[in-house]
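Dear colleague,

Please find the structure below for your records.

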Amino acid sequence: PYRSVLTVACEQTEVLLFDPISSKHIKTLSEAHEDCVNNIRFLDNRLFATCSDDTTIALWDLRKLNTKVCTLHGHTSWVKNIEYDTNTRLLVTSGFDGNVIIWDTNRCTEDGCPHKKFFHTRFLMRMRLTPDCSKMLISTSSGYLLILHDLDLNKSLEVGSYPILRARRTTTSSDITSSGSSGPRAVGSPCHQNDSGLLSEKHMSRSSQREGGSPRNSLEVLTPEVPGERDRGNCITSLQLHPKGWATLLRCSSNTDDQEWTCVYEFQEGAPVRPVSPRCSLRLTHCIEEANVGRGYIKELCFSPDGRMISSPHGFGIRLLGFDAHCNELVDCLPKEASPLKEIRSLYSHNDVVLTTKFSPTHCQIASGCLSGRVSLYQPKF
């Protein structure tokens, strides 16, 4: 959080630590996990968590990196995402088992932390909390985006125990309330899963029964509008939130893997305009087509700390994108209809496909990492 360490999750069980100011390598955790390391999240200035395809989460202390603080067991498949609620000190993880699990770090021991399953859905790809932890967003390989409103992490969501708001596709709402085979099908790459169902019929049928207000942990199901041919379906591979909670940033690929898009969606608060109207909390405001190099690999993009720019993997480099050519705030340049993101600058220094990029939270610096393991740091020349 204070930019003293840059941590890198690697495919071959490793975590790398660098000094981002001097670019010097500090340490390698050569056997951080027993399989690929997927994500790293700092809980404070010294404690951080890693998750892996070995189905575990590990807690580490920067002051004593020779051993883990503890290992957390609870997932049954690859763990892909870590979030943290600083108010409650609850760790939130998600994996390809479809589970979102809550870990109570207030009561950690060497044997682990108390945990509970919070939510489950099939084809889960990414999970994020809004900055104020009032919402949880979950993206799926079948093109759906789930939003849990008025979030209460202390309340476990058992099957059928949560209200479902009137759900909607941004293109058509006729088939959102069934889990049949008419939905988008994600096939053909490591990030796709071969099925089209999302929630059980029992769950989805409730969407026609729930109207009116939004109680705690109420669920909204959306199929975000994506440019291109809409009848082919999309896989939402990457999901990020605007630092001020104004919007969500998605990286989507078509089910046929021949198109890839970066899209920004503004949050629209409040109930439907008319009681009979489907609820839709997101509106597509900006988008841009990506290079679609390295098909099948997930590319993680991000907002800048002030939310004015987006850093997006683009082939063997990254593109810096703005909502307009002057990098104004999103709220100051909201179009009536979806507009193209503006390319501010392109940076190319890799010899392989870039898979991830991140802004420093405190300094004018960007990091990018590619498939072959090279990490690049960029700073502007003043």
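Strand S6 (residues 56-61) pairs with S7 in the antiparallel sense over four bridges; strands here are DSSP runs (E, at least two residues) numbered from the N terminus, and two of them pair if DSSP finds at least two bridges between them. Within this pairing, Thr 56 stands opposite His 73 in S7. The model is a predicted one, in which local features need pLDDT of at least 70 and side-chain atom pairs count only at pLDDT 80 or more, while totals for chains, interfaces and linings use all residues. Residues are numbered from 1 along each chain as its sequence is written, and side-chain values use heavy atoms, with hydrogens and water left out.

Both strands belong to an open sheet of four strands, in the order S4-S5-S6-S7, with antiparallel pairing. Strand S4 (37-42) and strand S7 (70-73) stand at the edges with a single partner strand each, so one side of each has no neighbour in the sheet. From one strand to the next the twist averages 20 degrees (axes are lines fitted to C-alpha atoms, and angles run from 0 to 180 degrees between N-to-C directions).

The hairpin between S26 and S27 passes through six residues. Phe 359 has Ile 366 in S27 as its bridge partner.

Turning to the cysteines, a disulfide is counted where a pair of cysteine sulfur atoms lies within 2.5 Å, and the count by this rule comes to one. That disulfide joins Cys 108 to Cys 113, with an S to S distance of 1.9 Å. Cys 108 is partly exposed at 29% relative accessibility, whereas Cys 113 is buried at 9% (buried means under 20% relative accessible area, exposed over 50%, and partly exposed in between, with a 1.4 Å probe and protein chains only). The sulfur of Cys 287 is 5.3 Å from the closest cysteine sulfur, in Cys 263, which is too far for a bond. Cys 287 is buried at 13% relative accessibility, and Cys 302 is buried at 2%.

Finally, Phe 316 is found in the loop between strand S22 (309-314) and strand S23 (317-322). Its relative accessibility of 37% makes Phe 316 partly exposed.

With kind regards
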